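This report describes a few local features of one protein chain. Please look over the sequence and the structure before reading on.

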Amino acid sequence: MKRDKRGSFLAGCAAVGSVVLLAACDDGGSSRRVADAAPAESGKPNIIFVMMDDVGIDQMTSFGYGGANPPKMPNMDAVAQAGIRFRNTWSQPECSPARASFFVGRYPTRTRIYQAIGPSDLANSQLSPYEVTIPQLLRKAGYENGMFGKYHLGGPENNQAVNTGPAQFGWDYFYGWIGGLPDSIDVQAGGGATSGGATCGFVPGAAVAPVGAARGACYFPDNSCKLVDATTGPDVAGLQCLAAGGILDPGVTACGVKPAGIDFSRYNAYYVSPLMILDNGREEKVPPQDPRARGYRTTIETDAAIDWINARAAGKPWMATVSYTSAHTPWQQPPAALMPDLAGVTAFDNLDCTSTGAATTLRTLQNRMTQALDTEFGRLLVETGIATWNPDGSLNYDPEASNTVIVIVGDNGSLGTAVKLPFDGARAKGTAYQTGVWVPLIVAGRGVAEPDRDVEHMVNGVDLFELFGELAGIDVRQELPVSRPVDSVGIQAYLKNPAQPSLRQANFTIGGLNQQANGGRNGPCVVGTSPGTCTQIPTSKSVCEDNGGFWWGVGHDPLAPYDGDDTETYETCAKVNQVRYATNNAALMYEILPDQSAAVRNERYKLVRNAFTRFDTVEGIIKEVEVEFYEVDQAKGNAVMLDRDGASKINLDGTPKPGWTIEEDQAYKDLKVRMDRLLASGVVCEGDGNTDGIVNQADLDNWGRIYSGWEKSSVYDFAGHTAGSPPDSLTDGFDRDIISLQLGKTCVYPPSVY
């Protein structure tokens, strides 16, 4: 059996070797060329790079975890068994800094991208146009580059490239979402549920009163219509219609004139998204009324990758980056066809996908989305000729049968609500603790020695930059100027030599605040209860609420009696606590996540450094730094040693707890020196906007081009209109004056610390 482009099963498909005979199986009956299974003329391998969003190592049974109820991922498990599982891989705590590190091989201290890029973040916290990416390097080696799905490295706000960043950074073709995050769930289901009861974005089944319906008329943007009910698909009528790109008029038994309330301009989380297509620099912004922007997002991402790969010319190497949005919030029910073990179980069509849903329900949704991702990943391999389906529907992947290397990674740890035991949901995505940065990494393909093995040595997400270069025969360090040091380590040696010793002495991760106009930051968002935790990670009110939070920033809702002024905007979590303390008492103050969370580890020990802005009942709003020291390991299952609350071997003031050993003392001192050096690598050289190591005429020329054609936020926005003030989102004469005053200055960018 194989899946067609909508995820349904088709019986009787013929398969020969690693090439599926698509003429006999394709949903439209047309012949389609599959990926070239023979080596490229250059001998260079093709590369499929798959990124999973918010899927930490805690979710992965193939790595020895997953808890009592793991997501089913048989297709990735099959690839993991045919390749190498890197079981000690760190990424960055959030999406954008992690993805930037994959493509430029540099830590956030150098890229200045410290958290997920939001609409208020300036160009200084987006991928700089002067960075050198792996697609740009691979293009020099003859590769074609395509990216499908989530971009989230810059724009469209506060960026001169607006929607064309992928083209600027070397992707010949892009099909996906520039801003990255899906919009919120449309609880009115495009107007089919005007009462707002469509908590998963579609009209639920008849059992959900009063908004549910067993049948209805499914209208499409071209004004066509079809009737749907329990006999026309495995899902309830509302989800069948939504997944097909339509909007349901519930309960009716005949198609007629489209109801006036149906609105195809509304976005709806994973099912209606602001699609962008870039083809060799040609830009096409696809409106929500277009069928290409409608349908389940994971399927759209997979379809685009399949079509592009199968259109590549034989003998020319390519790299396809399949950047899945799943399983990022908002969590929304996938079509049942993507979850074959649950097909026909209609109870899963009636879950509450809103942030007010029960935690067990939300975890179920996240599991289903991860499983749907795995299903589509399997289809990606089969429909490009890299694998086949076995008669029982399982994946038949032979890494020696094609000239394609597969790399799979999670961008950061899992979101707290989704975390699987024994990992710590309170120390998850957005923190530098193990649950927040420990990610799965799988590499498989021809030439991997002794497949189906684990590598326990330290690896960092930045190392993928060098791995892609190694696969393409490129020495990335030779290609980059000395002024642009990378933090990556080449890890191809692990693929070739099972006995390869560790290539890293240390690992590093850091998350923090991005730069916004005039020193601003994301608004406060409170998640959880009793009393709750305040974070400034969510980029907007809608993202906060999609993650089950209460927003205290711009546009916050009244929360009497805690809020003395319902119209006031709160800039920091510390300010929120100050107001709550003044109105009530200290017992009502929230826990606060750090402004910056960094960690460094060696083979056995880990140092965590958290910097906070807090409200103290005596001193007012203050800044504090806390350091913690842990013993950690990679043991499988419940035996794993994590950096849990209370497990630190030192007190917050840095003094050791009883039982401190000479070995621990030496490791602590060594890691503290490494931490200081890594933090110091984040040099900001005022005037050197292109980071070439000197402030010179090139910087003045670059400033001039931006000023004449854009004038808004850029990497040449060094300051506001007063001395020492932060950037103000304008590239203007004040910034030119700074460059002029600094002309001739040499900047030293420190080398890597491994």
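## Packing of α2 and α9

Helix α2, residues 74-81, packs against α9 at an angle of about 60°, and the two axes are 7 Å apart. The helices α2 and α9 are therefore oblique to each other. The model is predicted.

From α2, the residues P74, N75, M76 and V79 meet L373, D374, T375, F377, G378 and L381 of α9. By class, this contact of α2 with α9 has 6 nonpolar, 3 polar and 1 charged residues.

## D374

D374 is placed in helix α9, which covers residues 359-383. Its relative accessibility is 1%, so D374 counts as buried.

Apart from neighbours within four places in sequence, D374 is in contact with K72, M73, P74, N75 and M76. A polar atom of the D374 side chain lies 2.8 Å from the backbone nitrogen of M76.

## Cis peptide bonds

The peptide bond from G155 to P156 is cis, and its omega is near 0°. P156 is in the loop between β7 (144-150) and α6 (165-168).

L421 and P422 are also joined by a cis peptide bond, with omega about 10°. The loop between β17 (404-410) and α10 (434-437) holds P422.

## Positive phi values

R112, a residue other than glycine, has a positive phi near 65°. R112 is in the loop between α4 (108-111) and α5 (134-140). With 27% relative accessibility, R112 counts as partly exposed.

N223 is not a glycine either, and its phi is positive at about 75°. N223 lies in the loop between β9 (216-219) and β10 (225-228). At 54% relative accessibility, N223 counts as exposed.

Technical notes:
Residues are numbered from 1 along each chain as its sequence is written. This is a predicted model: local features need pLDDT of at least 70, side-chain atom pairs count only at pLDDT 80 or more; totals for chains, interfaces and linings use all residues. Side-chain values use heavy atoms; hydrogens and water are left out. Helices (H or I, at least four residues) and strands (E, at least two) are DSSP runs, numbered from the N terminus. Buried means under 20% relative accessible area, exposed over 50%, partly exposed in between (1.4 Å probe, protein chains only). A polar contact is a pair of N or O atoms within 3.5 Å; within protein, one must be able to donate a hydrogen and the other to accept it, and residues adjacent in sequence count only if both atoms are side-chain atoms. Contact means heavy atoms within 4.5 Å. Axes are lines fitted to C-alpha atoms, for helices over the stretch in contact, and angles run from 0 to 180 degrees between N-to-C directions. Angles under 35 degrees count as roughly parallel, over 145 as roughly antiparallel, 65 to 115 as roughly perpendicular and the rest as oblique. Ala, Val, Leu, Ile, Met, Phe, Trp, Tyr, Cys and Pro count as nonpolar, Asp, Glu, Lys and Arg as charged, and the others, Gly among them, as polar.
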